[in-house]
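Reader: I am new to this structure and would like to go through it step by step. Please start with the terms.

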Amino acid sequence: MAAASPAVELPVARDTAAAKLLRGLAKAPLQIIHAGLGVLWLVPTFGLFLTSLLPASASASKGWWQVFS
């Protein structure tokens, strides 16, 4: 049997800072949309939390959004 020759390793191409910046900017709109959806998802949870802290008479007469006024 013949001895196997060692595998040739090619250098890994590294991204430049400009390429990383452009990739980040390309993903930014999607990340902003996801953050907005996350905030919208948390609004009812926050409302439930505030309602749980209010006395029963206050939660029956007005909504949690009126707590701030």
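Author: Helices here are DSSP runs of at least four residues, numbered from the N terminus. The model is a predicted one.

Reader: Which helix holds Leu21, and which residues does that helix span?

Author: The helix numbering starts at the N terminus. Leu21 sits in helix H1, which covers residues 17-53.

Reader: What box do the C-alpha atoms fill?

Author: The box is taken along the principal axes. Its dimensions are roughly 90 × 35 × 15 Å.

Reader: What share of the residues is buried?

Author: A residue is buried when its relative accessible area is under 20%. Among the 69 residues of the protein, the buried share is 6%.

Reader: What part of the accessible surface belongs to carbon and sulfur atoms?

Author: The accessible surface of the protein is about 6,400 Å². The part belonging to carbon and sulfur atoms is 72%.

Reader: Is Leu21 buried or exposed?

Author: The cut-off for exposed is over 50% relative accessible area. Leu21 has 55% relative accessibility, so it counts as exposed.

Reader: Which residues make the nonpolar surface patch?

Author: Residues in a patch need over 30% relative accessible area. Leu22, with 57%, is exposed and lies in helix H1. The patch has an area of about 330 Å², and its members are Leu21, Leu22 and Leu25.

Reader: How far apart in space are Leu22 and Leu50?

Author: In sequence, 28 residues separate Leu22 and Leu50. From C-alpha to C-alpha the distance is 42 Å.

Reader: Which residue forms a salt bridge with Arg23?

Author: The count of salt bridges comes to 1. The closest N and O atoms are 2.3 Å apart, and the partner is Asp15.

Reader: What distance separates the C-alpha atoms of Leu48 and Trp64?

Author: Leu48 belongs to helix H1 and counts as exposed, at 63% relative accessibility. Along the chain, Leu48 and Trp64 are 16 residues apart. Their C-alpha atoms are separated by 8.0 Å.

Reader: What distance separates the C-alpha atoms of Thr45 and Ser57?

Author: Thr45 is found in helix H1 and is partly exposed, with a relative accessible area of 44%. Thr45 and Ser57 are 12 residues apart along the chain. The separation of their C-alpha atoms is 21 Å.

Note on methods
Residues are numbered from 1 along each chain as its sequence is written. This is a predicted model: local features need pLDDT of at least 70, side-chain atom pairs count only at pLDDT 80 or more; totals for chains, interfaces and linings use all residues. Side-chain values use heavy atoms; hydrogens and water are left out. Patches are made of residues with over 30% relative accessible area and no salt bridge: like charges are joined within 9 Å, nonpolar side chains (Val, Leu, Ile, Met, Phe, Trp, Tyr) within 5 Å. Accessible areas come from the Shrake-Rupley method with a 1.4 Å probe; for residues, only the protein chains shown count as cover. A salt bridge is a side-chain nitrogen of Lys or Arg within 4 Å of a carboxyl oxygen of Asp or Glu. Helices (H or I, at least four residues) and strands (E, at least two) are DSSP runs, numbered from the N terminus. Buried means under 20% relative accessible area, exposed over 50%, partly exposed in between (1.4 Å probe, protein chains only).
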